[in-house]
Amino acid sequence: MKTIAVYCGSSEGHDPIYMEEARKLGKHLAENGIKLVYGGATVGCMGAVADAAIDAGGEVIGVMPEKLASLEITHENLTELHVVKDMHERKALMAQYADGFIALPGGAGTLEEWFEVFTWAQIGYHDKPCALLNINDYYTPLVSLFDHMIEQGFVKKEYKDLIVMEKDAANLLRKLQNY
Ligand code: AMP
């Protein structure tokens, strides 16, 4: 696993644990020689992952759509920055770079990005791992929703089994490396 795409909130969350764990993930990626590809912003958990990876000597690629560049404040110290036309180009380029995908806690933007690559895995467009870093049990209700969707006959059980999930960044990376 050479490059991992990380999707995460442009917010910090109320509990400081979100930013702390985001930084831990960035540090672990760098220490394991894994390149980070992310949205290219300085804000929220996105900025925390990138800053920690850069501080630990890692390589970081940012992919920023033109319209968001000023709003989310583009990171100045990235190894590579790609300014793209729109969200579609951003997601396509991130997916192209990545050997695996991780979502940290975030809002609708984070979910949208992660669910896109997850549904691509479901229909066999790729076989890269799609992981959730379940900081502070943030994604536990999503797992319950999956159980509900399976129970109600809208999701196949084997699709839920595609989700790689851990609370701790180091354990999650280990799982991804062995995927
Ligand atoms: P959020 O989780 O809502 O804070 O969003 C996290 C980040 O995801 C946003 O700041 C955007 O950079 C990005 N984002 C939001 N919507 C989309 C989308 N439709 N496609 C790609 N990236 C998005």
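**Close-ups of the ligand and its pocket**

**View 1. The largest pocket.** This pocket has a volume of about 260 Å³. A pocket here is an open set of points on a 1 Å grid over the protein atoms alone, where a 1.4 Å probe fits, with protein on both sides within 12 Å along at least five of seven lines; lining residues have an atom within 4 Å of a point. Of the 20 lining residues, Glu72, Arg90, Gly109, Thr110 and Glu113 are closest to the centre. Strand 1 (3-7), helix 3 and helix 4 each give two or more residues to the lining. The model is predicted: local features need pLDDT of at least 70, side-chain atom pairs count only at pLDDT 80 or more, and totals for chains, interfaces and linings use all residues. Residues are numbered from 1 along each chain, and side-chain values use heavy atoms, leaving out hydrogens and water.

**View 2. Who surrounds the ligand?** The ligand takes up the space of the largest pocket. Around the ligand sit 16 residues, with Ser10, Glu72, Arg90, Gly107 and Thr110 the closest; to count, a residue needs a heavy atom within 4 Å. Helix 4 gives the largest share of this shell, 5 residues.

View 3. Look for pairs of N or O atoms within 3.5 Å. The side chain of Ser10 has an N or O atom 2.7 Å from a ligand oxygen, and for Arg90 that distance to a ligand oxygen is 2.6 Å. Glu112 puts a polar side-chain atom 3.1 Å from a ligand nitrogen.

Key: Polar contact = N/O pair within 3.5 Å; in protein donor to acceptor, adjacent residues only side chain to side chain. Sits in = over half its atoms within 2 Å of the grid points. Helix = DSSP H or I, 4+ residues; strand = E, 2+ residues; numbered from the N terminus. Points joined across faces, edges and corners; volume = space filled by probe spheres on them.
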